[in-house]
Every structure is written in C-alpha cells, then in structure tokens.
Amino acid sequence: MTGEPRPNFLFVMSDDHAAHAISAYGSRINETPHIDRLAAGGMRFDACFCTNSICTPSRASILTGTYNHVNGVTTLDTHMDNRLQTFPKLLQTAGYQTAIVGKWHLGHGPDHDPTGFDFWRVLPGQGHYHNPVMLGPGPGGSHEVIERGGYVTDLITDDCLDWLDRRDRDRPFMLLCHHKAPHRTWEPSREHFTMYDDVEIPEPETMWDDHATRAEVVQAMRMRLMDLDPIIDLKSPVPDGLTEDEEVRWRYQRYIKDYLRVVASIDDNVGRLLDHLDHEGLADDTVVVYTSDQGFFLGDHGWFDKRLMYEESLSMPFIVRYPRVVAPGSSTEAMALNVDVAPTFLELAGLDVPSDMQGRSLVPLLSGEEPDDWRRSMYYRYWMHGDRIHRVPAHYGVRTETHKLICYYNDPLGQPGAHGPVAPTEWELFDLLADPLETTNVIDDERYAAVLMELRAELARLQAELGDAPYVAVG
Ligand code: CA
C-alpha cells in the first residue's frame, strides 16, 4: 500500500449486538438503516466469529490479536495487563492520533487502565445507561471522575465527535467508539421508550427448543427467558393468571423490545458518525468498522445471553467500509475471527504485523480475493466454568464450514471460584448444513462416526497450532 495515504480508523463496537438484530444481516425483527448504509458502502462478513463469547476476553483478543490462553484474559475476572502489545499502541507509535471512548471493561488502575491512547474516557466496569459516570486519566495515575447527564450511547458519540473536531488534521487518527449498549439490562433512551409498543415482535424459530439431545450441563444452565428477572430485566411484575407458555411469550416481548430499542439508539448514533465523516470529507480515507464483541441469544433456543459456542452467540456482526480498498455492497463467507482485527488494521495502515499476533489480516478478503490457504476451521474456548448467575459450563470446540464439535470438560476443580457441578465430560456434534439452527446433537449417531474422528483430529491440530492444550482433570 506504499504511496497511498494512511487511512483513518473509526472502530465502532457495541456490546452484545447480535448480527440477527441488524437488517443488513437479514433481521426479521428490526431495521437498522444506518448500519445498513455502512454495509451498502462496504463489505459484510457473514462468517465472523469470536473465540470466547464474553465481553472482557473478546475485547482482549481484538486489541492484541491473540487468543485468551496467550493474553491471559480468560474470564470476566482476569483483567488485561496493559503492558501487552495492542494495535492501538502500534498505531500510536507509528504516528497515529489514538482515542477510545466508552466501554473498556478490561480493568482499571495502574496495571489495567487503557494504554496506547492519546485520549481515553471510559465507563467504569459495565457503566450505566442513564447519567453515567466516566473515567479519564488523573494526576499521578489516579482517575478523573466525570459525571455526565444524558443517555450513554448519545454521550459516547458526542465525545467521539468532539475529539474528531479538535484533532490534529495533519495526522491520521484511530478512534475506538465502544458502546455499552445493548448489554443487559437493556434500558432505552427517552426517544425510543415507546418504540414497538403497538407491535408484536416475531418469535425466533427455536424459541421452544426442548434441548432434549444436548449435554446435561447445558440443559441445567440458567439462561432461559424464565430466568430473566421480571423487575430488573423486564421492568414489570409478571401479570397474573398466565400459563407457563403465555409467560414465556410475555417475557420474550418485554425482553426483545427493550433490546431493540437500545439497538435503535446505537443505529441512530452510527448515523451521526457517518454524517460527520461525509460532512468533513473523510469518508474515502477512513476505514469504518461496525462490530460487536460477540453475539447474543435473542430468545433463540429459549435463551438470552451468550457464552456458548452455538451460532447466535459465536457470530459477530462485522462490516467494513473503506472505499479505497473495499467494493461497496460486497460480502464474504470466508471465516473471520476477532483475533484478525489487529492484523487487519496494521496492514491497512501499512505496518508490519508482529509475528506473535495469532490472527490473520483480512485485507485480501477486503480486496475481493480469498487466498487458497484461508482457514476452513476455527477454535473456540469458553473458560468461565459454572458462573454464579448462568451456570454455563466451560467448553472448547471446533467449527468447520459444515460441522461443529463441542467438548464440555466439566471439571471445575481446576477453575477456582467455579459454581458448576462436577460432571463427566460431554460432547456435542452438529451438522450445520442439515441442521443450521443446531437443534439436534448427533454425537451418538453412527452415520457421523467418520466426521467425528476428523473433527477430533482437527480440534487437536488447532490446539497444538495455537498453543492451547486439551483439558486435563485435576486430582
Ligand atoms: Ca459483550
């Protein structure tokens, strides 16, 4: 890319925004005109996956280009060491002006505060939807505490626009606009409070999945619509006299409407950013990405939340607009991963990708060419065994273009703080071509014996290649 101007980067990442709540991805339940506008001007990735479907670990993988067994950020409680190599640091060293506004969630204090940024203003932990407190750097490693009035998604965007206005126009910029929304507990802005009041949102096809063939530890999880807290999550007591099915339906409507109202604010604010780039004449020279740290269950399989390796949670929306490289209105089914973000940004900036980054630059795909040796499988690992709230079991697995194999190793002894049961290792196998909604675990089906053998070998190959190891029971 020698001789071309170095692009700016505007990296918009939301928190828990599933691709199936974006109309550019074919949503059946909402419209996102501004994110769609971005997709119409760039490339939509239809097979982009996270390598650990939970906030803190996925963010660490995005920043460092490494898997969680390498960067050490395996759970929500293992915060990122801010001395690690990240793409913002490398861009800053190369002369970029760098900023992050919004959700950080990689820890606070001298060892975990954002590094590699000329400007940072972040939410403490998860932050609040209304009138949030934000943190910036204070004297002697302390924090400046900034009390804000307003709605978090609007405020984060305001701060991004302010920073763009006062930047040095002689140097390229990298701006991370990281929204808190649409994370639980889905609190809409005033503007969207009554949106969807008069409509019924369609239910997902798998809402009544009975989980009959799944691993026992999956059946025992607490992530069903019936596990949502009526007051905190649904903002209403359950009406009297409902049958259980009626209550599930009522819960789904309460839950999904607030989720989509919160998404509507994100979409409006993506529009504000795109308008600003147009107005400033920056659209051609700016790489704009819209993504989310992972997917989410929107009543799919009767669940909310994420964590699991199933498609709704594993998939990330990932849209890239950069008119100098990317054809408008394009899409790709090549597999992209959260660890690919850092190498991609570095290559687009004309920098070398450090050899210890484990992801691969997406630039060939963005240019419309899929290399012959592009990955055909991906490795996933969720480490946080038996968390107190959802009781989701730790697991790892492999997803190919046609199948998925998941191992729930189910021994919490090696995982301090775990609350799950000690249980035997369980496996699940899904045929993604015959059963794209993953309703039937075929692990015991003889017809899949050969596929199972191949997938076990592929899982072992990926673990060896990436430097992770199969789980070994303690004691
Ligand atoms: Ca998240």
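1. In this predicted model, helix α1 (residues 33–40) packs against helix α7 (residues 244–279) at an angle of about 45°, the axes being 7 Å apart, and the two helices are therefore oblique to each other. On the α1 side the contact involves P33, H34, I35, R37 and L38, which meet D267, D268, V270, G271, L274, D275 and D278 of α7. By class, the residues of this contact comprise 5 nonpolar, 2 polar and 5 charged.

2. The calcium ion is coordinated at 2.1 to 2.9 Å, with D15 (OD), D16 (OD), C55 (SG), D293 (OD), D293 (OD), Q294 (OE1) and Q294 (NE2) as donors, and along the chain these donors follow the spacing D-D-x38-C-x237-D-Q. D15 is buried, with a relative accessible area of 0%, and D16 is likewise buried at 0%.

3. The count of aromatic pairs comes to 21. Among them, F9 and Y96 have ring centres 5.8 Å apart and planes at 40°, so the pair is tilted. Because F9 lies in strand β1 (residues 8–14) and Y96 in the loop between α4 (87–93) and β4 (97–102), the pair ties together parts that are 87 residues apart in sequence. F9 is buried, with a relative accessible area of 0%, and Y96 also counts as buried, at 1% relative accessibility.

4. W104 and F117 form an edge-to-face aromatic pair, 6.2 Å centre to centre with 90° between the planes, and both W104 and F117 are buried.

Definitions and conventions: Residues are numbered from 1 along each chain as its sequence is written. This is a predicted model: local features need pLDDT of at least 70, side-chain atom pairs count only at pLDDT 80 or more; totals for chains, interfaces and linings use all residues. Side-chain values use heavy atoms; hydrogens and water are left out. Axes are lines fitted to C-alpha atoms, for helices over the stretch in contact, and angles run from 0 to 180 degrees between N-to-C directions. Helices (H or I, at least four residues) and strands (E, at least two) are DSSP runs, numbered from the N terminus. Angles under 35 degrees count as roughly parallel, over 145 as roughly antiparallel, 65 to 115 as roughly perpendicular and the rest as oblique. Contact means heavy atoms within 4.5 Å. Ala, Val, Leu, Ile, Met, Phe, Trp, Tyr, Cys and Pro count as nonpolar, Asp, Glu, Lys and Arg as charged, and the others, Gly among them, as polar. Donors are N, O and S atoms within 2.8 Å of the metal (3.2 Å for Na, K and Ca); water is not among the atoms, so sites may look incomplete. Buried means under 20% relative accessible area, exposed over 50%, partly exposed in between (1.4 Å probe, protein chains only). Rings of Phe, Tyr and Trp (its six-membered ring) pair if their centres lie within 6.5 Å; planes under 30 degrees apart count as stacked, over 60 as edge-to-face and the rest as tilted.
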